[in-house]
Amino acid sequence: MKEKITIPYIVGDGTGEDIWNASHEIFEEAVQKATKGEKGIEWVELHAGQKALDVTGELLPEKTIKTIEEYKVAIKGPLTTPVGGGFRSINVYLRQIFDLYVCMRPVRYFNGLPSPMKTPEKVNFIVFRENTEDLYRGIEWKEGTPEAQSLIQFLKDTMKTDLPESTGLGIKPISRAGTVRFARWVIDYAIKNKRRSVTVVHKGNIMKYTEGAFKEYAYEVAKGFPEEITFDADKGKIVFNDRIADNMFMQIILRPDEYDILLCPNLNGDYLSDACAALIGGLGVAPGANIGDRIAVFEPTHGSAPKYAGKDVINPTSFILSGAMLFHHIGLPGVSALIEKAVEKTIGDGIVTYDLARQLANVTPVKCSEFGKQVVKVL
Ligand code: NAD
């Protein structure tokens with residue numbers, strides 16, 4: 001009898017449905033092939049965000065939380081977050097409640113991807129983004145509210161800092177504990193995976209006690225690995241250095257081959273991963289994972305792209321490759337490798353969705369579902 005691999009999944013909002021429909025068969029087929037039929041997937045559908053609200057009356061139902069806790073992994077599509085009001089991001093909330101403090105976003109060029117770069121084959125980074133702190137914590141108060149007024153008064157009276165009354169306020173928490181555990185995880189990863197370098201990306205020249213401190217804490221952790229890490233250029237060791245965030249945006253374009261692992265606070269990592277994705281065809285091919293000590297949730301870098309919802313045109317690659325990361329994580333690297341190879345072959349053969357086709361000459365785009373079917377065929 002087949003051994004079941006139970007994987008909870010959240011389809012997500014907007015284009016989530018198109019992407020899920022095009023992808024799940026790929027995962028099923030890859031597991032079947034790589035395990036010679038010994039294993040099969042049992043999917044458990046969960047709800048979160050707007051869809052959960054419509055179906056269950058709750059944004060994040062207890063069942064979703066309990067099931068992910070039980071199975072320790074999940075894959076999710078994008079969830080819409082209203083701008084300027086409404087509910088807070090369920091994506092951010094999921095990362096917080098499961099303490100998924102590491103966000104991992106590999107950015108690797110492969111044959112067939114369009115790129116604005118002259119030598120895109122030099123692009124092979126992993127953006128690691130701290131996932132629980134920084135301005136992303138969502139500690140903020142709207143202009144004119146009693147909370148904002150009270151904080152403005154406190155800043156005036158106690159901190160001797162004058163702000164206009166019409167100011168909205170946000171707090172940027174970056175802790176030693178939060179940074180140290182994150183930096184240690186990333187450095188461990190770099191050592192285990194024999195990576196070349198780790199670069200801290202910060203804006204510590206301006207935000208000295210948050211991003212500047214982030215850099216200092218990360219260096220402190222790195223100094224605890226003298227056998228493996230060098231701060232100069234010792235041969236055979238991992239080079240540990242840092243770049244100011246604005247410079248880093250230039251570096252990834254002009255000198256991509258000089259960078260390998262980018263270790264970022266939350267917000268820098270968010271910005272940088274989209275910019276990195278642009279070097280290899282865009283958000284349609286940018287997978288990701290949110291990892292904690294107990295649980296990991298895999299999801300594409302992109303959002304719900306609502307204007308394409310239900311049109312069957314969106315690129316499912318980012319979701320498919322996030323699935324490949326999940327299988328690697330649960331100890332099935334063979335499944336992961338099969339999926340990656342099949343996606344690379346399909347794109348290399350010029351079978352691509354609109355987002356890649358419009359960056360390539362004379363290529364007719366296929367639909368989201370057609371892309372998925374082709375990957376299954378290749379498998
Ligand atoms: P988005 O990522 O949805 O779209 C940005 C651009 O990239 C759009 O032009 C879109 O069409 C394109 N794009 C995105 N995914 C694509 C794909 N798979 N194939 C081809 N093109 C793709 O970002 P946005 O428009 O800023 O946000 C839309 C919603 O998604 C917002 O509510 C936002 O909060 C949410 N969001 C969710 C997540 C998440 O669930 N983790 C991440 C980012 C944004």
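Ala, Val, Leu, Ile, Met, Phe, Trp, Tyr, Cys and Pro count here as nonpolar, Asp, Glu, Lys and Arg as charged, and the others, Gly among them, as polar. With those classes in hand, the shell around the ligand comes out as eight nonpolar, nine polar and four charged residues. Before we go further, please keep in mind that this is a predicted model, in which local features need pLDDT of at least 70 and side-chain atom pairs count only at pLDDT 80 or more, while totals for chains, interfaces and linings use all residues. Residues are numbered from 1 along each chain as its sequence is written, and side-chain values use heavy atoms, with hydrogens and water left out.

Let us begin at the ligand. There are 21 residues around it, and Leu79, Thr81, Gly303, Ala305 and Asn315 come nearest; a residue is near a molecule or strand if one of its heavy atoms lies within 4 Å of it. Helix 4 (90-97) and helix 12 (354-357) each give the shell at least two residues. Helices here are DSSP runs of H or I with at least four residues, strands are runs of E with at least two, and both are numbered from the N terminus.

Gly303 places a polar backbone atom 2.6 Å from an oxygen atom of the ligand. For Ser304, a backbone N or O atom is 3.0 Å from an oxygen atom of the ligand. On its own the ligand exposes 810 Å², and the protein buries 70% of that. Accessible areas come from the Shrake-Rupley method with a 1.4 Å probe, and for residues only the protein chains shown count as cover.

Next, the charged pairs. The structure holds 19 salt bridges, where a salt bridge is a side-chain nitrogen of Lys or Arg within 4 Å of a carboxyl oxygen of Asp or Glu. One of them joins Glu299 to Arg95, with the closest N and O atoms 2.8 Å apart. This pair links distant parts of the chain: Glu299 sits in the loop between strand 13 (296-298) and helix 10 (317-329), Arg95 sits in helix 4, and the two are 204 residues apart.

Another salt bridge brings together the side chains of Glu344 and Arg108, at 2.7 Å from N to O. Glu344 belongs to helix 11 (residues 333-348) and Arg108 to strand 4 (residues 102-108), so the pair ties together parts that are 236 residues apart in sequence. Glu344 is partly exposed at 26% relative accessible area, and Arg108 is partly exposed at 33%. Lys345 and Asp349 also meet through their side chains in a salt bridge (2.7 Å, N to O). Lys345 is partly exposed, with a relative accessible area of 43%, and Asp349 is partly exposed with a value of 43%. Elsewhere, salt bridges that share partners join Glu17, Glu45 and Lys51 into one network.

Now for the backbone. Most residues other than glycine have a negative phi. Lys72 has a positive phi, near 70°, and lies in the loop between helix 3 (62-71) and strand 3 (73-76). Lys72 is partly exposed, at 39% relative accessibility. Phi is also positive for Lys194, near 50°; this residue is in the loop between helix 6 (176-192) and strand 8 (197-202). Lys194 is exposed, with a relative accessible area of 73%.

Glu143 is found in the loop between strand 6 (140-141) and helix 5 (146-157), and is partly exposed at 46% relative accessible area. Glu143 and Ser166 are 23 residues apart in sequence, yet their C-alpha atoms are 5.5 Å apart.

Terms used. A polar contact is a pair of N or O atoms within 3.5 Å; within protein, one must be able to donate a hydrogen and the other to accept it, and residues adjacent in sequence count only if both atoms are side-chain atoms. Buried means under 20% relative accessible area, exposed over 50%, partly exposed in between (1.4 Å probe, protein chains only).
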